[in-house]
Amino acid sequence: MSAEVVSLIWAFAAVVVLILMITRLKLNPFLALSITAIGLGLVNGLTPGEVIDAFKDGVGSILGGTAPTIGLGVVLGSLLLGSGGADKIVDSFLGQRPVAWIPSLICVAAVIIGLPHLFDVSFVMLAPLVYTVARRRNVHLLWVGLPLAAGLYVSHGLLPPHPSPTAAVSAYGANTGLTIAYGLIIAVPTAIVCGPLFTRFAKRWFGPAPDLDAGPAPVTDVEPERSGRPVSLALSLISVLLPPVLMLIGTVGTANTAEGTAPYNVFEALNDSIISLLIAVVFAFFALGLRSGYSTAQLNKMSGKGLSAVGPIILILGAGGALKQMFTATGVDAIIADHAGNWSIPAVALAWLVAALLRICLGSATVATTAATGIVAPLLAADPTLSPELLVLATASGSVMLSHVNDSGFWLFKEFYQLSVKQTFRTWTLFLSIQSLIGLVGVLVLDAII
């Protein structure tokens, strides 16, 4: 048996062991990824010193740009939610418009609100608002809650600075601004189909109206006493849209200016996700916080609450980077790159498939993405014509496929909206599967055009 075959067998075994440790042993994903990465290096004959060096290099490479991006995104989202900016956006979108418009309007608002923040946090923070709207307009809870979840997850599954696409951007060396541009092209039809259209289709499965008085109480991050002007809708929208707009400006600008010139340097800075998010955070701190009468202590409390949820995700991403680096250290990526040219399946479809299989087995989109990038990244070396940005979107789209009982989001959606498991499969699982498939089709279309 050749050395290449042995390396591939060990790599396959490592992925199987990873899945078993998370699904059967219920081991924390960070520990499971770390054990898998270190074990893969040792069984391939690397010395303990070489294994540790590769592990540290992998963690450092993935978190170097990813951790600050996610952290700043969470702070921005926390300021938006804690200051009442998110509520302002939803209230302004809905107003007293007809009930039939609610799914479309709430989905658009959710996509915007979901841009800078983690799905779980946004969902929990906005769930009381869903109950309030359902009571006020006398509609079924899912008429409001389903398009809200769809809008939030479109942002979560496709657009940086969310953990899955951000990790893939780092792993593939993609351009963040270009990834956002391509992602928005796919996100618009995805939000339309998975939000208002799917809500109307799934209405037949809503069942009896849940008890709206049994819903969650509003979540407050800060003391209600404050002095200052009400939170502005315009400033709320500017705060949340500033990072993607700045990065898109940076992408266009660097492509149309001479390298080394002062304008190029400015555009290059704007195209960096850390710089764009930092500008937006500073803007939101003053525009949504101090302007509206919140103290610095209150704003720090908002930010701190959001950041407290990021620690486990950052560790998982780091361990995923270590596993990816171990594939490199053991030569698996070189083997894949050497043979990738003979594969008949398009690279973007393979990226989607690998991420989808891992998602179905592991339940976590973040873990599925980080593990999949280690398998797929060598394809870029084998074919320099591939678009790393489309590989990001393909992997991220695959990582939301077929959410079921091993996904915490499945139970979050079920419990907050008082659903049965069957209803949750017919709503949550189905719309995420549709989102994943639309993402795959969109990436394949863009790949054919580009």
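What follows is a short talk about a helix pair, a cavity and a serine.

Reply: Welcome! This is a predicted model, where local features need pLDDT of at least 70, side-chain atom pairs count only at pLDDT 80 or more, and totals for chains, interfaces and linings use all residues. Residues are numbered from 1 along each chain as its sequence is written, and side-chain values use heavy atoms, with hydrogens and water left out.

Me: At what angle do helix α1 and helix α16 pack?

Reply: Two packed helices are described by the angle between their axes and the distance between the axes. Here α1 (residues 3-23) and α16 (residues 347-362) pack at about 30°, their axes 9 Å apart. That makes the two helices roughly parallel (angles under 35 degrees). In contact (heavy atoms within 4.5 Å) are Val15, Leu18, Ile19, Ile22 and Thr23 of α1 with Leu358, Cys361 and Leu362 of α16.

Me: Which residues line the largest cavity?

Reply: A cavity is a set of points on a 1 Å grid where a 1.4 Å probe fits but cannot get out, and lining residues have an atom within 4 Å of a point. The largest cavity has a volume of about 30 Å³. Its lining is Ile70, Gly73, Val74, Pro116, His117, Leu118, Pro161, His162 and Pro163. Helix α3 (residues 48-82) gives the most, three residues.

Me: Is Ser155 buried or exposed?

Reply: Ser155, in helix α7 (residues 141-158), has 0% relative accessibility and so counts as buried (under 20% relative accessible area, with a 1.4 Å probe and protein chains only). Beyond neighbours within four places in sequence, Ser155 contacts Val111, Gly114, Leu115 and His162. His162 is also one of the residues lining the largest cavity.

Key:
Axes are lines fitted to C-alpha atoms, for helices over the stretch in contact, and angles run from 0 to 180 degrees between N-to-C directions. Helices (H or I, at least four residues) and strands (E, at least two) are DSSP runs, numbered from the N terminus. Angles under 35 degrees count as roughly parallel, over 145 as roughly antiparallel, 65 to 115 as roughly perpendicular and the rest as oblique. On a 1 Å grid over the protein atoms alone, a cavity is a set of points where a 1.4 Å probe fits but cannot get out, and a pocket is an open set with protein on both sides within 12 Å along at least five of seven lines; lining residues have an atom within 4 Å of a point. Grid points are joined across faces, edges and corners, and a volume is the space filled by probe spheres set on the points. Buried means under 20% relative accessible area, exposed over 50%, partly exposed in between (1.4 Å probe, protein chains only).
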